[in-house]
Amino acid sequence: MASKDAQILAAAKKHPKPVDRVFQYGTAGFRMKADLLDSVVFRVGLLAELRSRKLKNTIGVMITASHNPPADNGVKLVDPMGEMLEEAWEAHATKLANARDEDVVKVYREIEAKENVSQSTKANVIYGRDTRPSGPKLVAALVDALEAVGSTSTDYKLLTTPQLHYLTRCTNTIGTPLEYGDVSERGYYEKLAKAFIKAMDGKKPVGGLTVDCANGVGAPKLAEFLAVMQSAVTLVNEEEKQAKDEPKTYASPELQVKIINDDIINAAVLNHDCGADFVKTKQRAPPSSTAGNNDRCCSYDGDADRIVYYFNDPEQGFRLLDGDRIATLAASFIGDLAREAGFGKELKIGVVQTAYANGASTKYVEKTLGLPVVCTKTGVKHLHHAATKFDVGVYFEANGHGTVVFSQQALDTFKKALADKESLKSPAQKSALTTLVGLTEVINQTVGDALSDMLLVEIILAHKRWTPKEWDLTYTDLPNRLVRVEVANRGIFVADATERRLIEPQEAQTQIDALVSKYSEGRSFARASGTEDAVRVYAEASTRSEADDLAAKVAAVVKQC
Ligand code: G16
């Protein structure tokens, strides 16, 4: 033990903590200017080893700052089933990150004792990073920590964040009844491609799709996926022949994808004037897009865990189909399939949103789709948790971060029904079940995944033979505006549990209330970001100019604080 302590101490000295810096495990791990992160990543490595020993499972570490500018970076931990780190351990992460260099061993041992971490287990950690130039140096800090504590590890190098979540789950479930897929990047592409082909079931997308990859890691990964898809039809058909008495022959889904913003060499262009966050916040297409009227477009963010769709309507101009729209589309389609497959009543489907969800989308889910809506705090970790309470939990943040989770019972029921030929009453029922099972495989159930969500949307639109215009017509969004306000100290803005109101500064909330009351269907709130040095202001109202005006006025209140 003494020599392990000495090794940790010696390694910690190579990664000194910047003095006077206080770190916080935020909405999505630690995130800040990359040059401040060295000691933080080192200590996250120590915590990953403890967590792995505690759970006797592999833990994932992702080095990314997702939608943030190129100079930032970040680090987050992934729990065994691909979920975000358990909240109780976020406090350990914060404590370890803030320990003085000479106290690192002490805090490490305190966490070990408090969590009753097994001494006899050996840790295993897997990790990946996005395309930021600061990534390799931060990986070196992580490796120093893992070596100091004697953890085994695998470097998956460049990955999208959801791929690391997938690989973590696969590593921990391989050879068990809960096996999630092959433990490789290739396995991820093949799983998605095969499920996509089956769920499309011969349907063709209406027109091509332009994908803006934010000049991030999603670009080469999407290209790799499309290459795998070329050969996946043969794979699917061979598997069918081997496994079935009456094998089905699947056709190529003919997904025509044009990738734009795929420059991962010039670091400065990452998330710059492109990507999901730009499109959602600015409510416009990336200036680099040359898509024509009604052309279906989507944007990923820098680590490909978020996606938003959009198109240009010749009459109305730019139309955004954001996370709320993806959630409503998915919930409605899965609900229809479940009914056609004969599980109408027994399957509990629910939608999880945050305060940023457009009021019209919540109303549509509750009133038109007749499904329950749960609202949580920002951060997919909160939404994911709430979604697991349903048989089918559809969760999306308006910014395009989300997925669908199916309970193990629901998955078993679908598969059993599909295998039981006696119970299949009609070809329509069989087709609905095939699509449903295909969807459960296409959807990355560990976390929001731009590539997997894109395939989900493409399947639904192809089945409905919808262009984005029909999708847009399902309900009318309340005009809304999201503004990012730079402030000297975002720490003074404390929101309540609903994130719809500020507890501090009280005066600011009083002023926001007074402003909101002047607008028809007005709603607005301010909340400190957990990933950027900024406060986010959201406003909606009955007209575009009112929403813009309300957002600007609330932003001014925030600024003045
Ligand atoms: C992360 C989180 C999301 C959250 C977003 C913005 O996304 O995973 O759940 O919505 O940050 O959070 P905040 O408003 O606190 O800055 P990403 O894509 O940046 O990893």
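Tutor: Start with the annotation. In this predicted model, an unreviewed UniProt entry places the feature "domain: Alpha-D-phosphohexomutase alpha/beta/alpha" at residues 53-100 and 120-172. Residues 53-100 are 31% helix and 25% strand. The end C-alpha atoms of that span are 24 Å apart. Residues 120-172 are 49% helix and 25% strand. Here the end C-alpha atoms lie 19 Å apart.

Next comes helix H7, residues 185-200. H7 is mostly covered, with 13 of its 16 residues buried. Just after H7, Asp-201 has a positive phi of about 50 degrees.

Now the helix pair. Two packed helices are described by the angle between their axes and the distance between the axes. Helix H14 covers residues 427-442, and helix H15 covers residues 450-464. They pack at an angle of about 160 degrees, and their axes are 9 Å apart. An angle over 145 degrees counts as roughly antiparallel, so H14 is roughly antiparallel to H15. The crossing of H14 past H15 is right-handed. On the H14 side, Thr-435, Leu-439 and Val-442 make the contact. H15 contributes Ser-452, Leu-455, Leu-456, Ile-459 and His-463. An α-helix has 3.6 residues a turn, so residues three or four places apart point the same way. Keep that in mind when you read the contact residues along each helix.

Methods: Residues numbered from 1 in each chain as written. Predicted model: local features only at pLDDT ≥ 70, side-chain atom pairs only at ≥ 80, totals over all residues. Heavy atoms only, no water. UniProt positions renumbered as here; feature names shortened; annotations may be inferred. Helix = DSSP H or I, 4+ residues; strand = E, 2+ residues; numbered from the N terminus. Expected span 1.5 Å × (residues − 1). Buried < 20%, exposed > 50% of the residue type's maximum accessible area, 1.4 Å probe, protein only. Axes fitted to C-alpha atoms, helices over the stretch in contact; angles between N-to-C directions. Parallel < 35°, antiparallel > 145°, perpendicular 65-115°, else oblique. Left-handed = near helix turned anticlockwise from the far one by under 90°. Contact = heavy atoms within 4.5 Å.
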